[in-house]
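Here is a short report on a protein model.

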Amino acid sequence: QVQLVESGGGSVQAGGSLRLSCAASAPSRDILYYMAWFRQAPGKQREGVAAISTGLGRTFYADSVKGRFTISRDNAKNALYLQMNSLKPEDTAMYYCAASSGRTIATMLQPREYNYWGQGTQVTISS
C-alpha cells in the first residue's frame with residue numbers, strides 16, 4: 001500500500017518562504033510515475049499547484065505559482081518537495097501530496113489523475 005506523508009507546513013508572513021516535503025513509501029511492485037502538490041482552501045475546490053514526472057523530471061505549474069514555487073523530487077529517497085517563495089495570503093490552504101501509478105497522464109494538475117493522497121499539511125500566510 002502506497003503511503004504519502006507531508007510535512008513542512010506552518011504559518012509565515014507574506015513574502016516569506018516554506019518548504020514542504022512528502023515522504024512516499026510504496027511496495028517495490030508499485031511505481032509512482034507522477035507526483036504532485038495540490039491545495040484546498042476552505043470553501044474552495046482542490047486545485048493543482050505543481051506536478052513532476054518521476055522519470056524525466058518534467059514539471060508543470062499552475063499560473064498562480066509560476067516563478068514562486070519549485071517542485072522537485074529525490075527518487076532515491078522517494079521524496080517530493082515544494083519550495084514556496086514570495087508567499088501571499090492567497091496561498092493559504094491545506095497542501096496535499098499526490099501520486100499516480102499510471103504510466104500516462106492526460107492533465108498533470110487534475111486531481112482525478114492521481115490515485116494516492118497524503119493527509120495534508122496546513123500553510124497559513126498572514127498579511
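## Buried or exposed

A residue counts as buried under 20% relative accessible area, as exposed over 50%, and as partly exposed in between. Trp117 has a relative accessible area of 27%, so Trp117 is partly exposed. Phe38 has a relative accessible area of 0%, so Phe38 is buried. Keep in mind that this is a predicted model.

## Two aromatic pairs

A pair of aromatic rings is described by the distance of the centres and the angle of the planes. How many aromatic pairs does a search of the whole structure find? The search finds two.

Why does the pair tie together parts that are 79 residues apart in sequence? The reason is that Phe38 lies in strand 4 and Trp117 in strand 10.

## A cluster and a charge

Ring pairs join Phe38, Tyr114 and Trp117 into a cluster.

Now turn to Arg46. Its charged end sits over the ring of Trp117, 4.8 Å from the ring centre. Arg46 also lies over the face of Tyr96. There, the distance to the ring centre is 3.9 Å.

Which order do the strands take in the open sheet of four strands? The order is 1-3-8-7, and the pairing is antiparallel. Strand 1 (3-7) and strand 7 (69-74) stand at the edges. Each has a single partner strand, so one side of each is left without a neighbour in the sheet. From one strand to the next, the twist averages 15 degrees.

Look at strand 7 and its partner, strand 8 (residues 79-84). They pair in the antiparallel sense over six bridges. For Thr70, the bridge partner in strand 8 is Gln83.

Conventions
Residues numbered from 1 in each chain as written. Predicted model: local features only at pLDDT ≥ 70, side-chain atom pairs only at ≥ 80, totals over all residues. Heavy atoms only, no water. Phe/Tyr/Trp six-rings, centres within 6.5 Å; stacked < 30°, edge-to-face > 60°. Helix = DSSP H or I, 4+ residues; strand = E, 2+ residues; numbered from the N terminus. Buried < 20%, exposed > 50% of the residue type's maximum accessible area, 1.4 Å probe, protein only. Lys NZ or Arg CZ within 6 Å of the ring centre and 35° of its normal. Pairing = 2+ DSSP bridges. Axes fitted to C-alpha atoms, helices over the stretch in contact; angles between N-to-C directions.
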